[in-house]
Amino acid sequence: MLVLENISFRLPGRAVLQDINLQLKRGSLTVITGPNGSGKTTLAKIISGILQPTQGVLRFEGRNITRLGVTRRAKLGICCTFQQPVRFRGISVRDLLLLAAGEGTDELELSGYLEQVGLCPEDYLHREVDAALSGGEIKRIEIASALARGAQLTIFDEPEAGIDLWSFQNLVQIFQALRNQGKTLLLLSHQERILSIADEVLLAKDGGLLPCGALPKSSRELL
């Protein structure tokens with residue numbers, strides 16, 4: 001479904017990623033873990049089209065997407081959430097969800113996306129996506145937007161950040177449900193509960209990806 005062949009990314013004086021080979025099958029849930037600065041977010045940006053690789057090829061559903069930008073990749077079915085979600089002053093949560101789900105989506109369906117992430121639609125649909133929202137609130141709204149997008153491949157960068165325990169447990173169930181629906185998920189995470197539901201766990205280290213094999217008792221052992 002998604003294939004990365006010899007992907008490298010260099011900044012002046014150092015290699016951030018080097019010769020990354022990765023295959024994500026349809027309906028799989030893959031987790032990449034590793035210390036800060038190991039290249040996880042850079043890889044997510046390359047897959048989503050925010051960054052262009054220094055070398056290598058990306059294929060999605062058999063198509064070479066290496067030089068396609070974010071918009072073209074989104075139309076093909078690739079969605080990415082961020083460690084620090086973007087805030088949009090003057091845009092309501094309803095507007096954001098409608099943009100993701102498509103015109104014509106009714107209020108009941110939009111409300112359902114918020115309910116899935118533990119937010120009350122009456123309290124949030126008409127709020128602005130601005131600095132008045134807490135880190136946890138904006139993170140959950142971003143995840144709700146990803147659900148509304150319904151992409152074939154969704155990348156979640158540290159989805160647990162700022163999420164309370166109840167919402168996090170619900171979030172794990174959402175990931176499992178998406179996988180059961182045939183959606184493909186790539187999660188960047190240190191959280192042991194997320195690692196435990198993965199089909200495959202990879203360790204980002206020294207610019208490469210290493211298979212983790214059997215899951216250790218604690219995710220800390222991976223770092």
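Strands E4 and E5 form a hairpin with two residues between them, and Glu61 in the turn has a positive phi of about 55 degrees; helices (H or I, at least four residues) and strands (E, at least two) are DSSP runs, numbered from the N terminus. The model is a predicted one, in which local features need pLDDT of at least 70 and side-chain atom pairs count only at pLDDT 80 or more, whereas totals for chains, interfaces and linings use all residues. Residues are numbered from 1 along each chain as its sequence is written, and side-chain values use heavy atoms, with hydrogens and water left out.

Thr54 lies in the loop between helix H1 (40-48) and E4. With a relative accessibility of 44%, Thr54 counts as partly exposed (buried means under 20% relative accessible area, exposed over 50%, and partly exposed in between, with a 1.4 Å probe and protein chains only). When residues up to four places away in sequence are not counted, Thr54 touches Ser8, Phe9 and Arg10, contact meaning heavy atoms within 4.5 Å. The C-alpha atoms of Thr54 and Leu17 are separated by 9.2 Å, although these residues are 37 apart along the chain.

Helix H3 (residues 93-101) has as its buried residues Val93, Leu96, Leu97, Leu98 and Ala100. These are covered by elements including strand E7 (88-92), helix H4 (107-116), helix H5 (121-124), strand E8 (128-129) and helix H6 (135-149). After H3 comes Gly102, whose phi is positive, near 105 degrees.

Two of the elements that cover H3, namely H4 and H6, pack at an angle of about 130 degrees with their axes 8 Å apart, where axes are lines fitted to C-alpha atoms, for helices over the stretch in contact, and angles run from 0 to 180 degrees between N-to-C directions. H4 and H6 are therefore oblique to each other, since angles under 35 degrees count as roughly parallel, over 145 as roughly antiparallel, 65 to 115 as roughly perpendicular and the rest as oblique. In this contact, Tyr113, Leu114 and Gln116 of H4 meet Ala144, Leu147 and Ala148 of H6.

Notes: Pairing = 2+ DSSP bridges.
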